[in-house]
Amino acid sequence: MSNKVLKASLLAGILVATGAVSTGQAAETPELGPLPALETDAAKANLGKRLFFDPRLSGDAAISCASCHNPEYGFANDQPLSPGYPGNGNFRNTPTVINAVHKKTWFHDGRMGTNLNDVTREMITEDYIMNMDMRLMQERVKQDPVYVQMFKDAGYGEPSNGSVRNAIPEFLKTLTSRGAAFDESAMSDAAKRGLNLFQGKAGCAGCHSGPMFSDGKPHNTGVPENLEIFRDPDNHQAFIAFNMFMGNGNYMQLKRDVGAHVRLHKADKSDVGQFMTPSLRELKYTAPYMHNGMLQTLPQVVRFYNNGGGEDKNKDPLLKPLNLTAAEQNDLVEFLLALSGEPLTSDEHVWTEPYPDEYEVIADWRNVPN
Amino acid sequence: MKLRTKPKRLALAGAVVAGVIVGLATAAEMPPLAPLGDPPIPADNIQTDAKVELGKLLFFDPRLGGDASVSCASCHEPEQGWAFAEDISRGYPGTVHWRNSQTVINSAYYGKLFWAGAASSLEKQAPSAAKGAVAGNGENDIMEARLALIPEYRDRFKAVFGDEWPLIGNAWRAIAAFERTLVQTDTPLDKYLKGDASALTEQQVRGKELFEGKAGCMSCHNGALASDQAYHNIGVPPNLRWEEDGLAQITFRYELYAKGVNEKMYRHTKADPGLYFRTKNKWDKGKFRTPSLRYTLYTAPYMHNGAFYTLEEVVDFYNAGGVTEDGRTTDFPESKSPLIQPLNLSDEEKEDLVAFLEAFSGDEILMAKPELPPYAPLFTEADLLLEVKK
């Protein structure tokens, strides 16, 4: 065989194989099921937990990661739009960080697809989120003897930006759903009926697939714009700054969240209004819903889809009226609730010890190395 | 191979000799004290009333900062000499700064701003302060977005700069224009130098003679601004707060880290290296720009780190040759200016000198804080509802 022929036959083989796989995907979406357990480094995760709840990681030391990702609300927030840094607002709903470690892309627009280390940096440094200069953060952490010991015990050595960005994701690994009725095969009859609808008549599993109940892709479901973004200048300023930074033209006149367009940049703008399929785990705690918190309850969400989603010229054609009865809608809600586990609100997942009121002075400062 | 170590010492000795010679040379050509004229106005940022008025609003507006709680005026308080009445400036919430806040009064005359001359114009000083993590901690994008959501600013930026939407760069221009109005040219010294012999007391006249002669102040504090705008290490010791205050220790290390020094310097530096940060020349360690002596009646404490709370302490420090009462001095003795030597001033002479220093200040310049224009939604409900239906 000549090289050319070899290449051609290899290519054909690949095409055939790919074709087979994609046919398989179309027929049956990735199987639903429990999330894999993750090994965590206890010392690093514990350090990450202390950092996650520490307001000293924000510019003016007023808010921590947990201020928006509140354990009481499933490590999300009960406000439609995230509160944001003092003096600022936000333009999107806080997603839960439970199971965030099982995702491949992050943020409602999926603009980050590397790792949680990068996501952590983005959240700490973004001006309308935590507005922290990480060099200053490093020096704050170094000033706290508890941290100095914890970093050492975790094998990081001296506290540094890099190890903060490593330890917080290690803590996030511990935030994996557990005990959900679905995972424990302990669903009620209603929830079981809901599962059948989910995979069948209601078509939810077309996008909400796999152990995360998400295809990890953006779709436009026609969720109405949250006009509080524009009515409240605190929110609007964050929206403008974000769109300015992401290179959206005409950001001053923009009256809608373009979603995944910020990374797909399709010339025909058919990607405007697409948002990443969220996981359906832990919904019990994370209301309100959708990328902008426009839907308050799960029955509202189900009704929204039963109507075929919202109105949008770019709406995904997968969305059609479902003609679900009231009872079927209830069953779907029951199923969705069966995807929520035990609340992660004990001190296993929450840092409960107080932080010092002020920074301890380093004694004999002139003689000890910085 | 002995030469490998020797030249260092020789070079140092040479530098000292050169320094003395330079010092003497400048003494000969020293610009005399002079009345202060109008400040220079850059051709690319001319003064207009509307621009100055806008700059005044922005100077007092905390929305030009990270969490919308600190404005320029937070560290440059009109009632605190347009500076901040503590040794080290207050800093952004959750932090403390690491240098003394300098007065805005007469800042228009400096070629470079900040203690080590890090900004080449007022237009560049303002964003550095508004954005620094231990000062304003703001970001351009969010600050510019805020301006756009304040209707009065939209109108004013349009009228002054022709901006379709307020540009953050023009905010700094307007603030600089406002700052160029904050000058004082009618001090007792100005009046005296213009011929009003009664403007100084006899004691102040004696102080002036010391200033120009025996005390050697004129070597650096010369010309109309009473500053040579050059950089000197006069022996100011590190602020004791760095030994006693955890928050100050954080900022100190942060500055070493953020301004970029090598590992060894990061680990072992315990005093502000000043000009060194810009030049990375070891002979610039501990050097700071000679501050004007104008308006100092209102701007205590003094020196780059606020080491002294009174002018008397300052004079005592110079009289001792750049050493404090308790024997402390710079951490960088190698770069200390040879111009700083014990002065052997008598108590009376010191009093005369302090009396003269007070002649560099006229009346206190006070200003009521302006009422700031409010935010308002950019779009009408009708606009928004129209969009929703698209």
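**Helix packing, domains and the chain contact**

In this predicted model, helix α4 of chain A, residues 116–125, packs against helix α7 of chain A, residues 161–173, at an angle of about 110 degrees and with the two axes 8 Å apart. Because angles of 65 to 115 degrees count as roughly perpendicular, α4(A) and α7(A) are therefore described as roughly perpendicular to each other. The crossing in which α4(A) passes α7(A) is right-handed. On the α4(A) side the contact is made by Leu116(A), Asn117(A), Thr120(A) and Arg121(A), while α7(A) brings Arg165(A), Asn166(A), Ile168(A), Pro169(A) and Leu172(A). Sorted by class, this contact holds 4 nonpolar, 3 polar and 2 charged residues.

Turning to chain B, the domain assignment divides it into domain 1, made of 18–36 and 185–358, and domain 2, which covers 49–183. Taken over C-alpha atoms, the centres of these two domains of chain B are separated by 26 Å, and their contact takes 32 residues from domain 1 and 28 residues from domain 2. On the domain 1 side, the elements giving two or more residues are α11 (246–259), α13 (276–279) and β2 (288–289) of chain B, and α11(B) gives the most, with 6 residues. That side divides into 16 nonpolar, 10 polar and 6 charged residues.

Finally, the two chains also meet, in a contact that takes 40 residues from chain A and 43 residues from chain B. On the chain A side, α5 (134–142), α9 (228–231) and α10 (233–245) each supply at least two residues, with the largest share, 7 residues, coming from α10(A). The residues on this side of chain A comprise 19 nonpolar, 8 polar and 13 charged.

Definitions and conventions:
Residues numbered from 1 in each chain as written. Chains lettered and ligands numbered in written order. Predicted model: local features only at pLDDT ≥ 70, side-chain atom pairs only at ≥ 80, totals over all residues. Contact = placed C-beta atoms within 7 Å. Helix = DSSP H or I, 4+ residues; strand = E, 2+ residues; numbered from the N terminus. Nonpolar A, V, L, I, M, F, W, Y, C, P; charged D, E, K, R; others polar. Axes fitted to C-alpha atoms, helices over the stretch in contact; angles between N-to-C directions. Parallel < 35°, antiparallel > 145°, perpendicular 65-115°, else oblique. Left-handed = near helix turned anticlockwise from the far one by under 90°. Domains from an automatic or database assignment.
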